[in-house]
Amino acid sequence: MFKLNIGIVFAATSAIIVGAFVYLVILTEKQKKARGNLQRSLDKLKKAYDELDEQAKIIVKKDLELNKTQEELDKKINSLYTLHKLSKAISSTFDAEKLFSQIDKTFISELGFDKGLIVLASKDTKELSLPVAVGYPPEKQEKIKKFLSEKNILNTIRQPLLADKSLLLDAAKKELLQIFDLSSLCLVPIISQEARLGLIMIGTDLPYARVTEGDLEILSILSGQIAGGVENAKLYEELWQSHQYLEQRVAQRTKELASANEKLKKIDKLKSEFVSAVSHELRTPLTSIKGYAAILMAGKLGVVPAPVKERLEKINKHSDSLTKLVNDLLDISRIESGKVGMKLEKLNLKDVVNEVVDITAPQIKEKKIQLAVDIPGKAPACLADKVQLGRVLTNLLGNAIKFTPEKGKISIKAREVEGLLQIDVRDSGIGIGEEELAKIFDEFYREDNAINQKIKGAGLGLSLVKHIVEAHKGKVWVSSKLGCGATFCFTLPKA
Ligand code: ADP
């Protein structure tokens with residue numbers, strides 16, 4: 001029984017074990033399958049993960065690149081803005097010193113750098129100066145100047161130049177970085193239309209900062225602006241210098257002219273005094289000559305034979321014209337020196353004109369001249385010296401008669417013009433040549449023409465007219481053409 005039970009147990013156990021084994025075999029098969037599936041999924045996942053990783057890397061790389069570009073763009077915008085500010089400042093000044101004072105530490109740092117230098121060479125001596133030296137103490141500046149002169153850098157560097165420690169550099173660039181104490185720099189020559197003026201350099205010695213091609217572009221623009229500014233300042237300086245020179249010359253000439261004028265005034269005064277004295281001295285003997293001639297002609301000293309009388313009449317006539325000349329000269333010099341004051345009074349112009357016309361009537365009649373006087377009854381009275389106004393009209397009308405041929409025409413017209421009385425004496429005579437017009441009011445001026453050769457005169461009449469009219473604060477002028485008559489006009493104040 002016990003054996004049977006054991007057998008049953010054994011059989012059952014074996015069956016269970018077999019069953020379990022079978023089960024295990026079946027299970028392992030399933031697991032294997034599942035694991036295969038799992039592995040495949042894992043592989044797929046890994047692949048997807050790798051792809052994602054790859055893409056993430058690309059995105060990060062792109063992002064970095066974008067950031068860098070953005071940074072560069074920001075820097076460029078900043079630099080351009082800074083340049084714009086500077087160009088505004090440059091265009092508003094002609095002062096080179098003021099221009100360079102704008103390129104200071106702030107300006108250089110706004111461009112993104114900590115050191116900057118502008119080197120200029122003087123036009124004549126070629127001596128170097130550093131109008132801008134940001135980040136360099138004076139003793140270093142001297143060293144830099146010495147180096148640049150010795151190496152003749154201004155003439156050697158003809159193109160924009162970039163040097164950075166991280167790049168493969170030639171010895172010259174390395175030397176530049178060294179002398180300027182920089183790890184990265186760019187340098188651009190400053191060239192105007194005419195010449196090379198100098199150079200501009202910016203750079204940094206900070207380990208993380210670098211100068212880029214973009215900076216070189218900005219510096220090239222800046223260099224152009226500085227060249228323009230320096231050139232403008234130079235032109236302005238030259239203009240200012242020549243202006244100063246001209247002003248000095250004008251002041252000097254004015255002084256010379258003033259002193260010459262003073263001398264002339266003195267000479268003129270002496271001349272007037274001389275003429276006045278001589279005329280005075282001449283008048284007395286002339287009066288005697290005329291007086292004695294008159295006595296002789298009147299036969300008070302005995303009968304005068306006809307030929308003698310004829311000569312005496314000539315003496316009388318010539319004495320008259322000499323007296324007129326002397327009187328005119330005396331009057332001109334007196335009016336000039338202000339010794340003769342005008343006795344101004346309210347005058348009816350028509351009356352004065354008529355008196356003069358009456359005196360000249362015989363000559364007018366003799367030459368059969370047609371005279372027209374046009375002075376409206378309503379014409380305002382004038383304020384003038386009656387005697388002097390009479391002399392003005394006598395001279396003008398006398399000349400008109402003298403230079404107008406027989407049967408010619410003369411007119412005297414008066415009217416109000418711009419608050420003054422204007423009197424025109426017009427004739428249809430021989431007229432005056434264009435070149436003579438400017439001279440005929442000068443003392444002793446007479447045109448060389450047939451009438452003047454025939455009828456003697458001193459050439460003082462018109463000068464006297466001018467002096468008298470101007471003493472009345474009026475003006476006198478003439479318009480004429482050779483062969484077309486002449487019109488003499490003068491103005492007088494209204495009463
Ligand atoms: P004069 O009559 O003694 O020569 P004036 O001073 O009166 O001196 O005139 C100067 C000159 O101006 C005259 O000699 C003449 O050549 C010119 N002149 C003056 N009036 C006239 C005129 N109405 N027509 C042409 N020429 C004139």
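**Ground rules.** I number residues from 1 along each chain as its sequence is written, and I use heavy atoms for side-chain values, leaving out hydrogens and water. As the model is predicted, local features need pLDDT of at least 70 and side-chain atom pairs count only at pLDDT 80 or more, while totals for chains, interfaces and linings use all residues.

**Helices 7 and 8.** I looked up helix 7 (residues 213–297) and helix 8 (residues 306–336), which pack at an angle of about 155 degrees with axes 8 Å apart. Helices here are DSSP runs (H or I, at least four residues), numbered from the N terminus. Axes are lines fitted to C-alpha atoms over the stretch in contact, and angles run from 0 to 180 degrees between N-to-C directions. So helix 7 is roughly antiparallel to helix 8 (angles over 145 degrees count as such). Their contact has 13 nonpolar, 9 polar and 9 charged residues, with Gly counted among the polar ones.

**Helices 9 and 10.** Next I checked helix 9 (residues 349–366) against helix 10 (residues 386–402): about 40 degrees, axes 9 Å apart.

**Ligand.** I find 18 residues around the ligand, with Asn 399, Asp 427, Arg 446, Asn 452 and Leu 462 the closest (a heavy atom within 4 Å). Ligand oxygen atoms make polar contacts (N or O pairs within 3.5 Å): 3.0 Å to a side-chain N or O atom of Lys 402, and 3.1 Å to a polar backbone atom of Glu 447. The protein covers 97% of the 520 Å² of accessible area that the ligand has on its own (Shrake-Rupley, 1.4 Å probe).

How values were computed: Helix = DSSP H or I, 4+ residues; strand = E, 2+ residues; numbered from the N terminus. Parallel < 35°, antiparallel > 145°, perpendicular 65-115°, else oblique. Polar contact = N/O pair within 3.5 Å; in protein donor to acceptor, adjacent residues only side chain to side chain.
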